[in-house]
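Reader: I would like a close look at a single part of this model. Please keep it brisk.

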Amino acid sequence: MNNPANLCPSLPILNHCRTLKSVKTVQALLCKTGVDTDPLFAGKLLLHCAITISDALDHARRLFLHCPNPDTFMYNTLIRGFSESDAPRNSFSLFDEMRRKSVTPPDSFSFAFMLKAAANLRSLRVGIQLHCQALVHGLDTHVFVGTTMISMYGECGHAHFARQVFDEMRDPNAVSWNAIITSSFRSGDLKLAKAMFDAMPFRNSTSYNAMLAGYTKAGQLDLAMEVFSAVPLKDDVSWCTMIVGFAQNGCFDEAFRFFRDLQRIGMRPNEVSLTGVLAACADAGAFEFGKIIHGFIEKCGFSNIISVANALLNTYSKCGNIRMARLVFEMTLHRRNIVSWTTMIAGLAMQGYGEEAIELFHKMKGCRIVPDGITFISILYACSHSGLIEEGLKYFFMMKDMYGIEPAIEHYGCIVDLYGRAGQLQKAYDFVCQMPVAPTSIIWRTLLGACSIHNNVKIGEQVRKKLSEIDPTNSGDHVLLSNIYAVAGKWRDVAAIRRSMRDQRMKKTPGWSMIEVDKTMYSFVAGEKQGEIAEKANEKLTEILLRLKVEGGYVPELKMVLHDLEEEEKEDSVSRHSEKLAVAFGMSRSCKGSTIRIVKNLRVCRDCHAFMKLVSKLYKLEILVRDRSRFHFFIDGSCSCGEYW
């Protein structure tokens, strides 16, 4: 064996390796001296490849196979690497091999890492087996094993099992208490989480942060605020949890306020808080606030962090400023990863730049970046929104034939959308019927939406029957079929569907739109008239509608409005859609020459589409609307979608 003194210079060199290539270089140099055969160095090298380097797990596996007599530490290291990877199931066979071949039995670390693998797979069966084996080895009451077991049961949705394990622990520490709180939230048992939190003999920042994360994920924002107010020392995680939590619940103004408060008290935002607030900007379409964050990022040097750069790229893409998105993408030239390329492709796709998205896809391949399933969703999306049917089918088959990626339900949905948008509804229907996996309600709903766009009653009725078997209580499906009947003039069928909805107490998802004015988000709901903001929006909208009728010949599209309403009621119903209110409010508050940006939760209807075109022409405005499927950029009376949406 080599003298430990001779190993000392080798270990620090390894610590500085950040890529697999540099690890191999050091390994090759040390092979010449024979140091690589020393168990200490071999274990250190295995640990570095399995845990520290993100893409070196396969190399770690090869290193392990070359070890003549791997010890418990080596087994545990590789088991841990697999448990934290995308293939945690690989740790099971390694654990079995360890039990058969290793001189020493599994220890507390072995069981803790295996339980983590079971948790990541949500495999209750394997978790229970490990629990039994831990009992045999007398490790079930070990605080490290017990705590991981609590987390495993929580991930599998069995808070009562987690509670039993906790109650059997002799001396649970703070980590154990925090684990039972988190497990309770994972299982949806908020009362148990609160009870355990109240019973804690000692609390640390992780305890409070676990409560914040649990409440925000459950949508209990008022309770999260109560806990946040009681936190004695708010750390980075506390602030990040509130920013991300409120943003994910659609409370964008509050998320922005937390970010401002974070800066006001002198705390420096970190990678997590920046990506969180940028995600909020992206979802809300808050372009102006996003620009402020961009300035902060550049000033503080965060642009070198690829996750932050990718979040910024996503923000500009979803805010409709493809020029700024391209600029950020170009700035990441030497740091781009698969997320960077995919985000840029998706951004181009949403705005209808299908051919440019395809060109970028080929550039990505030229840079030896291997596309993944999400990349193919983006490229199929691009083909769908640009009417590139043949290209879309080519990439769908390329995904499996060239890259070995099995199509997921999202990929099949893209092909249904591809045919549907092009009006090839029979092909779309046949494709769904021939899918090798059972079509979900989303697949059928995509086709029903296409039937609504192209007014195909026959296929629409067939699709609705399929949906009634899978998801009979979805109000959106009833509304889509009702719209198909309305356009076809089948008012008896419309009335029957509406009556069915009333009988089942279904409520139509209300349309809402958001607009950013002076870095503040304003939200409007269809038909809303109460409140100072809504009153101002309605007043301005009335003025706009009058001018459109007089100067632009605007006539509201009333085909899909219930026939039993008076004509005046029909017109008012269509004229007060949320995106019209948002545009009117934006026009009353925005500076001349500025672009009005709107985010809408539903698909823009035909009437609102015609309305936006006329407004852009008569008022010389640029209007950007992001509905649930794509962008519409209205300028001088035309739309970027080319009437293909």
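What is the order of the strands in the open sheet, and which kind of pairing does the sheet have?

Author: A caution before the details: this is a predicted model. The open sheet has 6 strands, in the order S2-S1-S3-S4-S5-S6. Its pairing is mixed.

Take the edges next. They are strand S2, residues 520-525, and strand S6, residues 638-639. Each has a single partner strand, so one side of each is left without a neighbour in the sheet.

Strands of a sheet pair through backbone hydrogen bonds, and they do so either parallel or antiparallel. Strand S1 covers residues 512-517, and strand S3 covers residues 596-600. S1 and S3 pair in the antiparallel sense. Their pairing runs over 3 bridges. Ser513 gives a point of reference here: Lys600 in S3 stands opposite Ser513.

Helix H34, residues 578-589, lies across S1, S2, S3 and strand S4 (622-626). H34 runs at about 15° to S1. The Lys580 side chain lies over the face of Phe611, at 5.5 Å from the ring centre.

The charged end of Arg203 sits over the ring of Phe197. Its distance from the ring centre is 4.0 Å.

Rings also pair with rings. A pair of aromatic rings is described by the distance of the centres and the angle of the planes. A search of the whole structure finds 29 aromatic pairs. One of them joins Phe185 and Tyr215. Their ring centres are 5.4 Å apart and their planes stand at 75°, so the pair is edge-to-face. Phe185 lies in helix H12 (residues 174-186), and Tyr215 lies in helix H14 (residues 205-217). The pair therefore ties together parts that are 30 residues apart in sequence. Phe185 is buried, at 12% relative accessible area. Tyr215 is buried as well, at 5%.

Phe396 and Phe397 form another edge-to-face pair. Here the figures are 5.5 Å centre to centre and 75° between the planes. Phe396 counts as buried, at 7% relative accessibility. Ring pairs link Phe396 and Phe397 with Tyr412, Tyr419 and Phe431 into a cluster.

Ala117 counts as buried, at 0% relative accessibility. Beyond residues up to four places away in sequence, Ala117 touches Ser83, Pro88, Ser91 and Phe92.

Technical notes: Residues are numbered from 1 along each chain as its sequence is written. This is a predicted model: local features need pLDDT of at least 70, side-chain atom pairs count only at pLDDT 80 or more; totals for chains, interfaces and linings use all residues. Side-chain values use heavy atoms; hydrogens and water are left out. Buried means under 20% relative accessible area, exposed over 50%, partly exposed in between (1.4 Å probe, protein chains only). Contact means heavy atoms within 4.5 Å. Rings of Phe, Tyr and Trp (its six-membered ring) pair if their centres lie within 6.5 Å; planes under 30 degrees apart count as stacked, over 60 as edge-to-face and the rest as tilted. Helices (H or I, at least four residues) and strands (E, at least two) are DSSP runs, numbered from the N terminus. A charge sits over a ring if NZ of Lys or CZ of Arg is within 6 Å of the ring centre and within 35 degrees of the ring normal. Two strands pair if DSSP finds at least two bridges between them. Axes are lines fitted to C-alpha atoms, for helices over the stretch in contact, and angles run from 0 to 180 degrees between N-to-C directions.
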